[in-house]
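Hi everyone, thanks for coming.

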Amino acid sequence: EEEEEEESSALSEEQAEQLVTIIVEWFPEVHDRCARHLWSQNIAHGGWVSVAGANDDKAARVKAVLLGRVPNLELLPREYWCCVSWRHVAERDLPRIVQAGVHVRPNDLDFSKLTWSTQQLILESPPNWSDLDVLAAHLPQVIGGITKYLERFFEVLATSEEELVKRGQGLDEKEQRLSGWNKTVHTLLVAMRERCSAGNTLSSSEQLVLFSQCEAYADLTNTNLLADLMETKYVDPLHIAGLVKFVLGAHRFRKQVRDSALRAMARLDPEERQQLHMHLLSTPHKLPLQVLYSLAITELHSDVNPLVQQQLDRLSEQEWDELLALICDANPSAKGKVTRARVHTYPRTLCAVFNQRFLVRYLKDKAEVRYFDLFVACTAAGELADLVLDVLDRQLVVLDDKFYDALSVPLSAAQFERVLEHTPPAAWCIRVEWMLGRIEESEDSNGLMLVLLQMLKHNALKGVSVNVMENIVTSQQFSGRGKRVR
């Protein structure tokens, strides 16, 4: 009591500073009792710091008193709550501080460790609720649902054009705004990926808000982040079908996002995938080519095939070329290799729609052999020989290894004769094994052998007929089969 009477007069600034030092450094155990007198003196006589001047140099003196301590809000005047050591504030006190109008910055706290209710209170308090950087960095750390926070982020983003221009780079204001938009959204997407990798995956509504807002503006970097958010380790399988449906039905996503959506579609269970196919194909508009490509190379249900055919009928010739190129590029290239790799990605239930288009496309660009291989893969064995022979008859190509490979199917005597007619004399000796192979697998072996022997009587083959006969007689195929040449 005597101390309180003696300290009734105001402390000078120098005295106050000395007292703070003594309290902090020498008598921490009497901190609360001494601080009560210090705060009352400071407030009664103008003090070192007010709420309006909380960032002034004088605020450092109050912060020095509170540094490293759990603040006692019952002792600490409201005017100084902004100076507390935030890392030491008990979570139970945070709602009281926020409701008192003190700006609590999420960056000053271990925000991700707070309870959901406290996180919501802090994030929705002004000015956090209108701060792009705070929302981008911390809304993904919210434990519960974040749909409304994503909506709020993009709402603020849409009304911050001047700020985005300042943040961005570019030759004009439009480029700067787009650059600033992507820089800001990048922070959000990186934090979103961290959230999902920790097991707190996005719900269907959260995914749709995020992807719908990014569809038209995401640059390549942000596109890759969006694509990541659809991969297995970042999604809940129960909350992916709606997003896949949205992405594959949209036209402004980049290839990386669509590719990721197509992979996600392949992971759906058959019934869900069938429903998605029907939904995508029910549109009266053209599907993006990547989506149509994925449907074309998939073994589809019989109910879906007519709908895919309708989409294909809407394609222009240029779009057909692009679609065929997508399928071609999905297969290994033979350039620089001794042997051609087999194609593995091609239409299976729609072979008849594609096979001749692959052949025509090959004839336009004979350097790309994969188109011919795709034609062979999509053509039934019973039809293949006639189609290839028709091309040879029109002298559109030269009979070479790939055509002999394509014609390594059971042939009739008439088809066999047509092939021999296109075989130049110089090639007969090296094609003996192929000829005997066709004879051996034919149901009319004698008929094909007769055709071969009659062709050898042709004047054009006089120079090679003897060598050809020697090759035939000494061939393992001929001797193993026990055929008699009459």
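Before I go on, a word of care: what you are looking at is a predicted model.

Let me pick one of them, Q415, which is found in α23. Is Q415 buried or exposed? With a relative accessible area of 12%, Q415 is under the 20% cut-off, so it counts as buried. What does Q415 touch, once we leave aside its neighbours within four places in sequence? Its contacts are A385, D386, L389 and P410.

While we are in this part of the model, look at A381, which lies in helix α21. A381 is partly exposed, and its relative accessible area is 48%. Now find L411, which sits 30 residues away from A381 along the chain. The C-alpha atoms of A381 and L411 are separated by 9.9 Å.

Next, some pairs of helices. As a reminder for anyone new to this, two packed helices are described by the angle between their axes and the distance between the axes.

The axes of α24 and α25 cross at roughly 150 degrees and come within 7 Å. An angle over 145 degrees counts as roughly antiparallel, so that is how α24 and α25 run relative to each other. The crossing of α24 past α25 is right-handed. Which residues meet there? From α24 we have M435, L436, R438, I439 and E440, and from α25 we have S445, L448, M449 and L452. Sorted by class, this contact of α24 with α25 has six nonpolar, one polar and two charged residues.

Now go to α19 and α21. Here the angle is about 25 degrees, and the axes are 12 Å apart. Angles under 35 degrees count as roughly parallel, so α19 and α21 are roughly parallel to each other. The way α19 passes α21 is again a right-handed crossing. On the α19 side, N355, Q356, L359 and L363 take part, and they meet E383, L387 and V391 in α21. By class, the contact of α19 with α21 has four nonpolar, two polar and one charged residues.

Let's move to helix α16, which covers residues 289–296. How many of its eight residues are buried? Eight of the eight are, so α16 is largely enclosed by the rest of the structure. If you want to click through them, they are L289, Q290, V291, L292, Y293, S294, L295 and A296. And what surrounds them? The buried residues of α16 pack against α13 (241–249), α14 (255–266), α15 (270–281), α17 (305–313), α18 (317–329) and α19 (351–364).

One of those partners, α18, packs with α16 at an angle of about 55 degrees, with the axes 10 Å apart. That angle makes α16 oblique to α18. The crossing of α16 and α18 is right-handed. From α16, the contact uses L289, Q290, L292 and Y293, while α18 brings in E319, E322, L323, L326 and I327. The residues of this contact of α16 with α18 divide into six nonpolar, one polar and two charged.

One more residue before we zoom out: Q119, in helix α6, residues 116–123. Q119 has a relative accessible area of 0%, so it is buried. Setting aside neighbours within four places in sequence, Q119 is in contact with F111, S112, L114, Q141, V142 and I143.

Finally, the whole chain. How many helices and strands does the protein chain have? There are 27 helices and zero strands. The protein chain has 486 residues, of which 44% count as buried. And if we take the contacts with a separation of 6 or more, residues 24 or more positions apart account for 61% of them.

Definitions and conventions. Residues are numbered from 1 along each chain as its sequence is written. This is a predicted model: local features need pLDDT of at least 70, side-chain atom pairs count only at pLDDT 80 or more; totals for chains, interfaces and linings use all residues. Side-chain values use heavy atoms; hydrogens and water are left out. Buried means under 20% relative accessible area, exposed over 50%, partly exposed in between (1.4 Å probe, protein chains only). Helices (H or I, at least four residues) and strands (E, at least two) are DSSP runs, numbered from the N terminus. Contact means heavy atoms within 4.5 Å. Axes are lines fitted to C-alpha atoms, for helices over the stretch in contact, and angles run from 0 to 180 degrees between N-to-C directions. Angles under 35 degrees count as roughly parallel, over 145 as roughly antiparallel, 65 to 115 as roughly perpendicular and the rest as oblique. A crossing is left-handed if the near helix is turned anticlockwise from the far one by less than a right angle, and right-handed if clockwise. Ala, Val, Leu, Ile, Met, Phe, Trp, Tyr, Cys and Pro count as nonpolar, Asp, Glu, Lys and Arg as charged, and the others, Gly among them, as polar.
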